[in-house]
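Please look over the sequence and the structure first, and then follow the sections below.

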Amino acid sequence: MGRRLPLRLREPRAPLTRGSAGGSPADRAGRYLVEELTRPAPGFAARPATAALLEKFHTHPDAHGLADALAALPADPALLPARHQLAHAWLRAFTTATGHPATPDGLAEATATLLAPDLPRRTLPTDTETTVEGLLGDHPRLHSGRLTVRLDELLTRAADFHATQVPSFRAYQKLRGELLAREHARLRLEEHRPAPLNGFVRNRLIDEVHLPLIGDNLARQLGTADGTARTDRSGLLLLLSPPGYGKTTLIEYLAERLGMLLVTVSGPALGHRTTSLDPAQAPDATSRREIEKLNFALHAGSNTLLYVDDIQHTSPDFLQRFIPLCDARRRIEGVWDGRPREWDLRGKRFAVVMAANPSTESGRSFRVPDMLANRADVWNLGDAVTGRHDLFALSFIENALTANPHLAPLATAERAELDLLLRLAAAGPGVQAPAAHRPPEETERITAVLSRLLTVRETVLAVNRAYIDSAAQSDRGRTEPPFRLQGSYRDMNRIAQRIAPVTDDAELQALVTDHYRAEAQALGQEAEAQLLKLAELRGTLTTVQARRWAELKNGYVVRPAH
């Protein structure tokens, strides 16, 4: 019958439903035949353009030649392809010679009519084809800004789209969702989504000191957003501090603000026995899981921040594997899906951050391999930057605001208000407060707590200084036992949460003593020396304690070096 049988125009009935005009060409032809043959007056629809083409063809003097050629071929169904080819060739030659307009679909319809002249036909009252002009775009159906629209072809494509494309696309979306969910669960992506703690405080030390320093390093590793990104990205950020200074929280905050995937690898879980990036060579299941996370970060590549925490618990041989990743080569070897491979991260938005405690759990100083340290920017978050001691001390107060219910409202207040209240707290009772945004009773409670918090800060800062000085000493140069108690943000917060406006000086000193006594209990036999050193720092040594502390120091001096 022709390459495409036209659908007849009829009054609107039911809306287009799935399968009404879809399926294979044979299915569509079958449905069309059923509809035509079940009409009260059977007859096949013909477009006006096709009727005009055939009328002009039959009036041409050479038209009888086609009739003679077709009559020469027996009316055998097996010869239908040959008859169709002959009639189509005659019509195409006719349109070419006369210049009569005809589309490929129009020629197909006219050919089918010529091959079945005895079938009843009717010419449609209106044309089913039109051309829309003046269109803009590069769609493949547009030709010089013109779009030809044929009703039968449009309905056929719409039905095919509804019957085939839509279900296929929905099946694709479902399969894609299932695959993504399965891979999401296998890779544990939720674990790598940065989520800063609710109590995180972006204090002035972070704003004015840490972020500029860290930002310079990350700019070298990630590039910048101003269009001047370097292709020779390199470097490593190494953050040092005792536990409790917010290294991990700060990195979580940075990754979240930068919109990066954060892959955190635990140094204690790796241990000193892990030296390879091959999970199969990991000494135990825990370290194997950490190595898999590390390789996942390398495989993810772009938009990833790799954070290796507590590297003082890892092997120097393990850390040295990061050397080629942190220089201009930006390459590293690892294992993915059981096969060794090399990742090239040049030009990728990939950063490496490591964190360490300057002193290990045994009290010995930790040392980063020289070749890795030479490629790193090293910053100690637990020590004051030269010239910014005031901001370092202030950060202990700012970080403790969320820990105390009386001070929590200040965490979201203007910084100028905190400065004003701190000046009032430092001036002592009886000082007239200037006009403030809070009721006098609330201001009095806040200044009372801040006054006590300033007192606690003196002790915490002294402990912090003593811990850092002790960690920096070699064992041979020590004249007293190493000091293990810490003066971190965490210690400050734990004490701050127990301070009330009515807490007096004796109760405040007892809070500090109780806190550090509890901390010292975890140090076993060293607890006595730690508490005596603390009392010396606070200036509360009794005569008996001073004598005992002198004995411990003298005994430590004569102790053979290990």
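## Two residues and their surroundings

Ala462 is partly exposed, with a relative accessible area of 27%, since buried means under 20% relative accessible area, exposed means over 50%, and partly exposed lies in between, for a 1.4 Å probe and protein chains only. Ala462 belongs to helix α16, which covers residues 440-471, and although 24 residues separate Ala462 from Gln486 in sequence, their C-alpha atoms are 9.5 Å apart in space.

His210, by contrast, counts as buried at 8% relative accessibility, and its place is in helix α7, residues 204-222. Apart from neighbours within four places in sequence, His210 is in contact (heavy atoms within 4.5 Å) with Leu205, Gly215 and Leu381.

## Basis of the model

This is a predicted model, in which local features need pLDDT of at least 70 and side-chain atom pairs count only at pLDDT 80 or more, while totals for chains, interfaces and linings use all residues. Residues are numbered from 1 along each chain as its sequence is written, and side-chain values use heavy atoms, with hydrogens and water left out. Helices (H or I, at least four residues) and strands (E, at least two) are DSSP runs numbered from the N terminus.

## A pair of packed helices

Helix α4 (residues 80-98) packs against helix α5 (residues 104-115) at an angle of about 125°, and their axes are 9 Å apart. That makes α4 oblique to α5, because angles under 35 degrees count as roughly parallel, over 145 as roughly antiparallel, 65 to 115 as roughly perpendicular and the rest as oblique. Residues of α4 in the contact include Leu80, Arg83 and His84, while those of α5 include Leu107 and Ala110; the contact residues divide into 7 nonpolar, 4 polar and 2 charged.

## Strands and sheet

An open sheet is formed by 5 strands with parallel pairing, in the order β6-β7-β10-β5-β11, where two strands pair if DSSP finds at least two bridges between them. Its edge strands, β6 (261-266) and β11 (376-380), each pair on one side only, and the twist from one strand to the next averages 20°. Within this sheet, strand β7 (residues 304-309) is joined to strand β10 (residues 350-356) by 5 bridges, and Leu305 stands opposite Ala351 in β10.

Elsewhere, strands β8 (residues 331-336) and β9 (residues 339-344) pair in the antiparallel sense over 6 bridges. They form a hairpin with 2 residues between them, and Asp337 in the turn has a positive phi of about 55°.

Notes
Axes are lines fitted to C-alpha atoms, for helices over the stretch in contact, and angles run from 0 to 180 degrees between N-to-C directions. Ala, Val, Leu, Ile, Met, Phe, Trp, Tyr, Cys and Pro count as nonpolar, Asp, Glu, Lys and Arg as charged, and the others, Gly among them, as polar.
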